[in-house]
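Good morning, and thank you for the time.

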Amino acid sequence: MRPHGSLTRFAAALLLALASGTAVAGAQQYEPLAASVRAALHEAVSDAAAPTLPIPDAGERAQWLAEMSRRLRKRIPDASYRTELLTSIHYEATRAGLDPQLVLGLIQVESNFRKYAISSAGARGYMQVMPFWLKVMNRPDDNLFHLRTNLRYGCTILRHYLDIEKGNLFRALGRYNGSLGKAEYPNLVRAAWEKHWSWQPQQLAAGTVASATTPAN
């Protein structure tokens with residue numbers, strides 16, 4: 001089989017999956033964790049601060065929310081719920097040191113924004129969190145279908161995997177999906193992130209255009 005033929009078929013399957021809105025949920029794998037790590041994860045999901053949209057500039061906040069809401073409208077018709085979801089995604093992603101646009105791409109691939117999605121492995125909710133994490137975090141009564149809870153767990157877990165992999169996003173995404181070392185899932189998330197959820201702050205964009213078009217002295 002010629003290599004370029006395989007790549008062509010993979011690219012076609014990738015585009016078909018994204019276009020059809022198919023969720024490609026996997027399953028994080030249980031790994032024994034040191035007590036200090038378990039304690040840190042427990043603390044990370046215990047914080048119950050009220051969600052806000054952590055974009056300092058008011059104009060950019062409004063622009064981001066309006067644009068992301070427009071992109072999400074077909075999947076979630078209710079405007080007030082879209083606002084709540086997007087605000088919570090941005091808040092939880094930023095809190096965990098993640099790019100909110102990356103998290104939006106991951107949610108699209110994992111659950112296609114279905115709140116009550118359950119994978120064949122039992123992963124639950126928007127970010128397809130495996131129930132064993134409730135035991136890991138020592139929070140057995142948490143509801144993984146609750147919007148904020150699911151996002152809090154998902155972002156905390158992805159941050160944990162990024163730390164384990166020393167910032168290697170390809171490997172961290174593989175761990176998140178239970179497919180470490182395989183390219184399909186990281187490629188799907190990156191494609192969704194870049195194609196559907198990319199965002200350049202307007203102030204930065206304007207500054208970039210201005211600097212590019214201003215003649216040098």
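Leaving aside its neighbours within four places in sequence, with which residues is arginine 82 in contact? They are Ser69, Leu72, Arg73, Ile76 and Pro77. Please bear in mind that this is a predicted model.

Arginine 82 belongs to helix H4, which covers residues 79–95. Its relative accessible area is 6%, under the 20% limit, so arginine 82 counts as buried. Its side chain makes a polar contact of 2.8 Å with the side chain of serine 69.

I turn next to helix H7, residues 147–164. From first C-alpha to last, these 18 residues reach 26 Å, close to the 26 Å expected at 1.5 Å a residue. Of the 18 residues of H7, 15 are buried, so the helix is largely enclosed by the rest of the structure. Lysine 166, which follows H7, has a positive phi, near 55°.

Finally, the aromatic residues. There are four aromatic pairs. One of them joins phenylalanine 113 and tryptophan 197 in a tilted arrangement, with 5.5 Å between centres and 55° between planes. Both of these residues are buried. Tryptophan 133 and tyrosine 161 pair edge-to-face, at 6.2 Å centre to centre and 70° between the planes. Tryptophan 133 sits in helix H6 and tyrosine 161 in helix H7, so this pair ties together parts 28 residues apart in sequence. Tryptophan 133 is buried at 3% relative accessibility, and tyrosine 161 is buried at 2%. Together with Phe132, Trp133 and Tyr161 form one aromatic cluster.

Technical notes. Residues are numbered from 1 along each chain as its sequence is written. This is a predicted model: local features need pLDDT of at least 70, side-chain atom pairs count only at pLDDT 80 or more; totals for chains, interfaces and linings use all residues. Side-chain values use heavy atoms; hydrogens and water are left out. Helices (H or I, at least four residues) and strands (E, at least two) are DSSP runs, numbered from the N terminus. Buried means under 20% relative accessible area, exposed over 50%, partly exposed in between (1.4 Å probe, protein chains only). Contact means heavy atoms within 4.5 Å. A polar contact is a pair of N or O atoms within 3.5 Å; within protein, one must be able to donate a hydrogen and the other to accept it, and residues adjacent in sequence count only if both atoms are side-chain atoms. The expected span of a helix is 1.5 Å times one less than its number of residues. Rings of Phe, Tyr and Trp (its six-membered ring) pair if their centres lie within 6.5 Å; planes under 30 degrees apart count as stacked, over 60 as edge-to-face and the rest as tilted.
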